[in-house]
Each structure stands twice: as structure tokens, then as C-alpha cells.
Amino acid sequence: MVRETRLSPDQLMLPLFAVGGSGVEIPIEALPGQSRQSPDVLARRARAALDAGVPAVLLFGIPEHKDAAATGAYDANGVVQHAIAAIKDAAPDLVVVTDVCLCAYTDHGHCGVVVDGRVHNDMSIELIARTAVSHADAGADVVAPSDMMDGRVGAIRAALDAEGREETAILSYAVKYASAFYGPFREAAGSAPGFGDRRGYQMDPANGREALREVAQDEAEGADMMMVKPAAAYLDVIAAVRGATSLPLAAYHVSGEYAMLVAAARLGWLDERDAALETLTAIRRAGADVIITYHAERAAQWLATG
Ligand code: PBG
């Protein structure tokens with residue numbers, strides 16, 4: 001009765017990785033229990049998550065073809081676009097959120113267009129906005145820009161509205177650190193930068209106050225929901241952002257944070273269930289309304305069985 005923080009399945013969002021083809025399921029070694037799936041297999045997994053009580057998924061695409069202009073990102077026949085349709089077919093009530101970024105679609109692995117060895121901010125946001133519209137056209141309920149380019153929330157909002165997609169919401173990766181904890185994800189998505197790093201556009205882990213500036217800017221540009229990422233190593237940032245905005249707040253317990261728990265559990269050094277539920281509860285206690293986690297489906301099952 002006096003417990004201050006509750007964790008329930010309807011606060012969780014499950015990340016999923018889409019590849020082309022059918023009947024395809026390729027396990028991701030560094031993310032045990034997660035795999036790359038073709039739209040048909042992915043739709044079944046999404047349906048199972050919904051049945052377990054998880055109301056939303058976050059979709060990533062892994063294209064066969066990469067090029068300098070990231071054309072696969074905004075192709076109406078792209079891998080994410082097909083996956084959205086398959087999920088909506090299998091689970092119409094599931095909220096489909098799509099990660100909007102170019103890094104998995106560019107041949108150099110950066111989140112934008114590279115000109116003279118540098119990521120060009122304004123050329124990048126044009127393609128990012130185009131990608132968001134194409135996801136909305138395919139049926140996405142929410143688009144989640146993760147690139148950290150300046151001005152992309154406003155550009156996406158304007159592009160969606162111009163196409164009659166006023167109802168598509170924007171979940172902004174407003175506070176995204178240049179983190180070592182994305183390692184397993186980059187293996188999964190094949191999106192490690194081919195040169196340099198992401199410190200030009202992602203945040204310095206040493207900076208806390210800067211998070212509030214990012215949030216204020218994205219709120220002014222029309223974001224509907226904010227995100228802090230990673231989560232467990234940034235609980236102070238989650239708490240500060242919670243105090244600075246009245247918008248719903250999501251926290252992303254990222255691939256490396258998940259992999260650490262699972263690896264220690266496999267060595268018999270941690271109890272995975274207890275450690276995962278404690279971590280997710282701590283993220284809620286810090287102030288997150290929603291947690292994006294690779295544990296979503298299993299946590300929902302653990303919570304249901306008490
Ligand atoms: C794409 C993106 C990344 C993640 C989500 N979207 C990788 C990155 O920025 O390098 C990481 C998610 C995770 O580690 O689980 N920009």
C-alpha cells in the first residue's frame with residue numbers, strides 16, 4: 001500500500017529489429033533472446049508482446065542495401081515500411097513506434113549525410129523528415145527521431161503536417177548520450193560508424209544541465225514525448241528532465257545495459273529476474289513514465305506471475 005513506485009507491463013515498450021524476406025530469424029549474439037526478423041516473424045513476436053500486456057514496440061530496420069543518401073530509409077517498400085504493415089495486420093491495437101535515423105542505411109554508418117568528412121546537419125534533417133513521413137504513410141503511430149541533429153523535431157513536425165499526418169506523434173530522443181552502452185545494438189544493426197564517432201551530435205556523458213536545453217528545444221519544436229537514453233547510468237538526468245517538462249517521459253534501457261544483466265545472469269552471478277525488475281523499478285522511480293527495454297515481454301510475464 002505504501003510502495004511509492006509501481007512497475008507494470010503497460011509502461012513498457014519492446015524494441016524489435018526488422019530485416020527483409022520471409023521466415024527469417026537471425027539471433028543477435030550480443031543481445032541474447034533478441035533477433036533480427038522478417039516482417040512475418042516479427043509480426044508474431046509483436047502480437048505475443050501485446051498478448052503479454054506490452055502496449056508498444058519500437059521498430060528498427062536493417063536494410064540489405066546501404067548508400068550515401070540512405071535511400072532505404074525512406075523507400076515505401078523498405079524493410080521498416082513492410083514490417084509496420086505486417087504488425088498492424090497482426091496486432092492492430094499495438095502502438096507502433098519507429099526509430100527514425102539514417103545510420104543503418106548509410107554506407108558510412110553516420111546518422112546523417114556526410115559532406116567533406118563531416119555530418120551536414122541541414123541536409124540530414126531533410127532526409128530524416130522524409131523518412132518520418134514514409135513511416136507514417138506505412139502506418140506508424142509515433143515516429144522517434146534518434147539522430148540528434150539540430151532542428152529535426154521541427155522539420156519532422158512540419159513535414160508530417162504538410163502531408164496530412166497531423167495525428168502522428170513525435171517521441172524525441174531529446175537526451176541521447178554518446179554512450180559505450182550501444183555496443184550490442186551496433187552489432188545488431190550493423191550501424192557502427194565507419195570513421196570517427198558520434199560525439200559531434202550525441203551528448204557528452206559528463207553533461208547533465210545540457211539535457212535540459214535539449215528538452216526545452218525539442219518541446220518548443222513540437223515533440224509530444226521526450227526520451228533519455230541510456231537509462232540506468234543516467235537516473236539523475238531522468239529525474240532532472242522529469243522536473244523540467246510536463247510531457248510524458250520515456251527512458252531507454254539500452255542494449256549494453258541489457259547485455260550486462262543477461263551476461264552476469266548466465267555466469268550465475270546475478271538473478272536475472274530480480275536484477276532486471278529492480279533496474280526497471282529504479283528507472284521508474286527516477287521519473288520515467290515509459291521504459292523501452294529488451295526485457296519488456298519477459299518483465300511483463302514476471303510481473304504477471306508475481
Ligand atoms: C540509432 C540508434 C542507436 C540506438 C538506438 N537508435 C545506436 C546509436 O546511436 O549508435 C541504440 C539502442 C541500444 O543500444 O539499444 N541512432
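Colleague: Let's start with α9. Which residues are buried in α9?
Modeller: The buried ones in α9 are Glu272, Ala275, Ala276, Leu277, Thr279, Leu280, Ala282, Ile283, Arg284 and Ala286. Buried means under 20% relative accessible area, exposed over 50%, and partly exposed in between, with a 1.4 Å probe and protein chains only. Helices (H or I, at least four residues) and strands (E, at least two) are DSSP runs, numbered from the N terminus.

Colleague: Before I go on, what sort of model is this?
Modeller: This is a predicted model, in which local features need pLDDT of at least 70, side-chain atom pairs count only at pLDDT 80 or more, and totals for chains, interfaces and linings use all residues. Residues are numbered from 1 along each chain as its sequence is written, and side-chain values use heavy atoms, with hydrogens and water left out.

Colleague: Thanks. Back to α9: what covers its buried residues?
Modeller: The cover includes α7 (235–244), β11 (249–253), α8 (255–266), β12 (290–293) and α10 (296–305). Contact here means heavy atoms within 4.5 Å.

Colleague: And how far does α9 reach from its first C-alpha to its last?
Modeller: Helix α9 covers residues 272–286, and its 15 residues reach 21 Å, close to the 21 Å expected at 1.5 Å a residue. The expected span is 1.5 Å times one less than the number of residues in the helix.

Colleague: You mentioned α8. How many of its residues are buried?
Modeller: Nine of the 12 residues in α8 are buried, so that helix is mostly covered. Among them are Tyr258, Leu261 and Val262. The cover for the buried residues of α8 includes α5 (183–189), β11, α9 and α10. After α8 comes glycine 268, with a positive phi near 80°.

Colleague: Is threonine 5 buried or exposed?
Modeller: Threonine 5 counts as buried, because its relative accessibility is 15%.

Colleague: New topic: what about histidine 135? Where does it lie, and what does it touch?
Modeller: Histidine 135 lies in helix α3, residues 121–138. Histidine 135 is buried, with a relative accessible area of 1%. Not counting residues up to four places away in sequence, histidine 135 touches Ala73, Val80, Gln81, Ile84, Thr98, Asp99, Val100, Ala140 and Val143.

Colleague: Now the backbone. Which peptide bond is cis?
Modeller: The bond from lysine 229 to proline 230 is cis, with omega near -5°. Proline 230 is found in the loop between β10 (225–229) and α7. Most residues other than glycine have a negative phi, and most peptide bonds are trans.

Colleague: Last one, the whole chain. How many helices and strands are there?
Modeller: The protein chain has 10 helices and 12 strands. Its radius of gyration is 18 Å, close to the 19 Å that the globule rule gives for 306 residues, so the chain is as compact as a globular protein of that length. That radius is taken over C-alpha atoms, and the globule rule is 2.2 Å times the number of residues to the power 0.38.

Colleague: And how much of the chain is buried?
Modeller: Buried residues make up 56% of the 306 residues.
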